[in-house]
Amino acid sequence: MNFPAETRVIKLYSPVSLESGNLLEQVTMREPLVRDRIVHSKDRGNEEEKEARMIALLCNLSEQEIWLLTAADYAQLTDAFNVFMLPPEKRPKTTS
């Protein structure tokens, strides 16, 4: 399956130790597809739970892993998601 080429790398303020023993220090989020929005709308739970699962999917994380993030780091992910809702020419350029 082809995914959109645009991604955003978000450096976490507070790295997280995963069950695998790996340290999660940054997260790469891919641009959402219409399919992701439809899956979100059909998902179970309240709006916050549904949003967290969609953000986890876009970042290739599990639901349990997304729960380990601090609120500040999760806010960075939702901010990145909101950038993807802008037309490409209006999105701020990332610096690497």
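Predicted model: local features only at pLDDT ≥ 70, side-chain atom pairs only at ≥ 80, totals over all residues.

Asparagine 46 caps the N-terminal end of helix α2, with a side-chain oxygen 3.0 Å from the backbone nitrogen of glutamate 48. A polar contact here is a pair of N or O atoms within 3.5 Å; within protein, one must be able to donate a hydrogen and the other to accept it, and residues adjacent in sequence count only if both atoms are side-chain atoms. Helices (H or I, at least four residues) and strands (E, at least two) are DSSP runs, numbered from the N terminus.

Residues are numbered from 1 along each chain as its sequence is written, and side-chain values use heavy atoms, leaving out hydrogens and water.

Let us stay with α2. Its twelve residues should span 16 Å at 1.5 Å a residue, and its end C-alpha atoms are 16 Å apart, which agrees; the expected span is 1.5 Å times one less than the number of residues. Just after the helix, asparagine 60 takes a positive phi of about 55°.

Which residues of α2 are buried? They are Lys50, Ala52, Arg53, Met54, Ile55, Ala56 and Leu58. Buried means under 20% relative accessible area, exposed over 50%, and partly exposed in between (1.4 Å probe, protein chains only). The cover over these buried residues includes β2, α1, α3 and α4.

Leucine 57 also belongs to α2, which runs over residues 47-58. This leucine 57 is partly exposed, because its relative accessible area is 43%. Beyond residues up to four places away in sequence, leucine 57 touches Arg30 and Asp36, where contact means heavy atoms within 4.5 Å.

I turn now to the nonpolar core, meaning a set of buried Ala, Val, Leu, Ile, Met, Phe, Trp, Tyr and Cys residues joined through side-chain atoms within 4.5 Å. The largest such core has 21 residues, and Leu24, Met29, Ile55, Ile66 and Leu77 have the most contacts inside it. At least two residues of this core come from each of β1 (7-17), β2 (23-30), α2 and α4 (71-84). Not counting residues up to four places away in sequence, leucine 77 touches Ile10, Val27, Met29, Ile55, Cys59, Ile66 and Leu69.

My last topic is charge. The structure holds ten salt bridges, each a side-chain nitrogen of Lys or Arg within 4 Å of a carboxyl oxygen of Asp or Glu. One of them joins glutamate 31 and arginine 91 at 2.7 Å, N to O. Glutamate 31 lies in the loop between β2 and α1 (34-42) and arginine 91 in the segment after α4, so the pair ties together parts 60 residues apart in sequence.

Glutamate 63, in helix α3 (residues 63-67), is buried because its relative accessibility is 18%. Arginine 53 forms a salt bridge with glutamate 63, with the closest N and O atoms 3.0 Å apart. Since arginine 53 lies in α2 and glutamate 63 in α3, this pair ties together parts ten residues apart in sequence. Arginine 44 meets glutamate 63 in a salt bridge as well, at 4.0 Å, N to O. Arginine 44 counts as exposed, at 55% relative accessibility, whereas arginine 53 is buried, at 14%.
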